[in-house]
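Here is a briefing on one protein chain.

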Amino acid sequence: MRNYDHNRVEFYSIEDMGAGHQLSKAEHILKNDLLQNYTDINDVIELYNIKKFFDCELRLNKWSDNEFIDFKNKVSTFGNIIGRFLSKINDDNIIVFYNDLLGGYISTFWELISNQGVYKKISAENFSYILTIDSHYIQSILIHKKLVEHFKAVIRSFLLDYSKSAEIILSIYEIKNEFRNKEMFLPKNLNNTDKENIIKKYLDSNCKNINYIEIIQNIRNRVDFFISDRIRLKAKRVFQEETDKIFKDRKDDSFLKFGVSVSFKRDAKTVKDTKMNDGKASFIYSFDYIKQNNDSYILFQNFRILFEYVDEQNRIELISKKNSLGVMERVIGLKSQNEYLISFGFKFSEMASHAHIVAYEQVLKNELGNTLENILQEIFTSFFHEKYNFASNSRILMPSKETTSFEKVRLLAPEFESVLKQYKLFIEDGFIDFELLQISSSPTSIKDIPSLNEKKYIYFNNENIEFLGCSNLFFSDQTMLAYVNPHKEKHYKCFFDLLANEDVNIKNYEDYQIHNINYLIDKKLINLDDYGYINITNFERVLILKDLYDNEVGAYYHYPDNFKNESENMAFESIVRFSSSLFSTPEQSYLNYFLNKSEFTNGLDLRNSYLHGTQANPEENHKHDFAYFTYLKLLVLVLLKIEDDLYIAQIENEFKRLNG
């Protein structure tokens, strides 16, 4: 067990908010004479950490400029001291020095050993011994490519036997870690057979972690790391076994429970009512309203107006949004960088949207003598032509109510593809040529479905790092700008919410916060009045940034004219970019998650499983029920998006006609 000295200076990163505290601990070294001869390796590493703060031009606000210059001059001599000390380390004394290290200095030690080339003087035997006694520090070594390459034989041998090697491999290839900013490297002589054996051994071990097992199921195969379907299946079965153990060992009241109910009530006082009770959401709708407004188009529009499958900009509301995650969801658990983000909010949204379409279908069939299939067929084949002059020969064959869910999915899946292809041909040619459609047997990529309208969507320009930073300062719940007296106790979520609700004076901010305030002033997003109160200067621009931060995309044609004009100004300044397609990028990802595995390793792959006969057993009716209603829901969303596209084109064409 290593000792830790919390009075020692440690450098973590230039963004670390504890930098001031660390620099305060350095003052006794900066203000006193240096030693003539350093013999303790921890003293030398501490000097190196102090030097890194000054290399980044970090200082305490209380230091005068003259003090800072004096300290910088002293720190400029640290490099020679560090270099002389490291030159004395060799294979004869490396173990002694290593054993003397404090716990907080192990990573910095290997950084110096790598950067200064000291590793060339260390034997494979001593390096292997160090790995043996401190195996859990292997990740501090793997971030140094030179060390990994020099000791590749030793590291390969170590990884083949180390119990956590599978977790390291998964961290490199699969796991999304927003907090790890240093890349890890594996020795080149660790081939794919080695990696697969490590994964297999991990699944058989007693120290496996269920979170990593879940990742293994959905590994994305690549040239330098791939696993067989047998290993993937083994991971699936082990994951199920471990999950069953957890549920068996825990009491029911130790789990967070949530649920959804959807009902259509006679003599209801309101058209829609929502209640939350003990984690259960109850959606109650007026059956009388549904019955009285039983026109097929209105029944279809209920998915937009009542059930809120899309928002006020006709963006699909059901997508998973990164910025809707809670703080705990962001930091707890493992997530693959190749998986669709499944948050608590997304699970709830999916549960609610699925419950709605199932309950609605029952009301249509049992109470109104209609079916959702008939309504969707009428919308696509008749209504779109009558109202928007869509192709008169569009067609879709819907399953009959007598067929099983398994048969329904097998029929609806290709019809879903056909709808996408028909709309694509209509946009490209102005009509649907079914002979041309039948020639192409390959599925249509979701991202390739075009739009009738240019500049359909607005996105952040991710290359504009400065305004991405501004957006985070305004809207992130992690910004410290929302934390200011006398409003701290109100716990505003972000800086924007604070400004929207309070009069905020710059004099109330601490010194470390002023830099970010000045940054937003420089970008002309806020200013100060004569009394020092902070005001937003360009509401349209800030609100567009907020829309993009919250929803990842904006719908240009659903913006008011002044917002459209501002978005074009922002595009001219390379803050945002325009793009045209039927589905926005987040919507494409949502559809891909359900239909295939082209984008996400955890995709449900409904399209391919039913196309290639790899779906669930035909007798597993509940799985086919879920698949069928999911396909129905996706078809509803596609038709809502098509109508939005047709409506925008109609309005724009009429505007052009009237204005020459």
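Three strands form an open sheet in the order 7-4-8, with antiparallel pairing. Strand 7 (554-555) and strand 8 (576-579) are its edges; each has a single partner strand, so one side of each is left without a neighbour in the sheet. The model is predicted.

- Strand 4 (residues 457-460) and strand 8 run antiparallel and are joined by four bridges.
- Across that pairing, Y459 stands opposite R577 in strand 8.
- Strands of a sheet pair through backbone hydrogen bonds, in either the parallel or the antiparallel sense.

**The 1-3-2 sheet**

- A further open sheet of three strands has the order 1-3-2, and its pairing is mixed.
- Its edges are strand 1 (259-265) and strand 2 (272-277); each has a single partner strand, so one side of each lacks a neighbour in the sheet.
- From one strand to the next, the twist averages 15°.
- Six bridges pair strand 2 with strand 3 (residues 280-286) in the antiparallel sense.
- In strand 3, K280 is the residue that stands opposite N277.
- Helix 18 (residues 344-366) packs on this sheet and touches strand 1 and strand 3.
- The direction of helix 18 makes about 30° with that of strand 1.

**Whole chain**

- The protein chain holds 29 helices and eight strands.
- Along the principal axes, its C-alpha atoms fill a box of roughly 95 × 70 × 55 Å.
- The chain has 660 residues, and 48% of them count as buried.
- Take the contacts in the chain with a separation of 6 or more: residues 24 or more positions apart account for 68% of them.

**A covered helix**

- Helix 11 (residues 165-173) is mostly covered, with eight of its nine residues buried.
- The buried residues of helix 11 include E167, I168, I169, L170 and Y173.
- S165, A166 and S171 are also among the buried residues of this helix.
- What do the buried residues of helix 11 pack against? Their partners are helix 8 (138-142), helix 10 (152-161), helix 12 (192-204) and helix 13 (210-217).

**Backbone details**

- Most residues other than glycine have a negative phi, and most peptide bonds are trans.
- The peptide bond that joins N485 and P486 is cis, with omega at about 0°.
- P486 lies in the loop between helix 22 (465-475) and helix 23 (495-501).
- N314 is not a glycine, yet its phi is positive, near 60°.
- N314 sits in the loop between helix 16 (296-305) and helix 17 (327-331).
- N389 is likewise not a glycine, and its phi is positive at about 60°.
- N389 belongs to the loop between helix 19 (372-388) and helix 20 (405-429).
- Is N314 buried or exposed? N314 has a relative accessible area of 13%, so it counts as buried, the cut-off being under 20%.
- Is N389 buried or exposed? N389 has 57% relative accessibility, so it counts as exposed, the cut-off being over 50%.

Terms used: Residues are numbered from 1 along each chain as its sequence is written. This is a predicted model: local features need pLDDT of at least 70, side-chain atom pairs count only at pLDDT 80 or more; totals for chains, interfaces and linings use all residues. Side-chain values use heavy atoms; hydrogens and water are left out. Two strands pair if DSSP finds at least two bridges between them. Helices (H or I, at least four residues) and strands (E, at least two) are DSSP runs, numbered from the N terminus. Axes are lines fitted to C-alpha atoms, for helices over the stretch in contact, and angles run from 0 to 180 degrees between N-to-C directions. Contact means heavy atoms within 4.5 Å. Buried means under 20% relative accessible area, exposed over 50%, partly exposed in between (1.4 Å probe, protein chains only).
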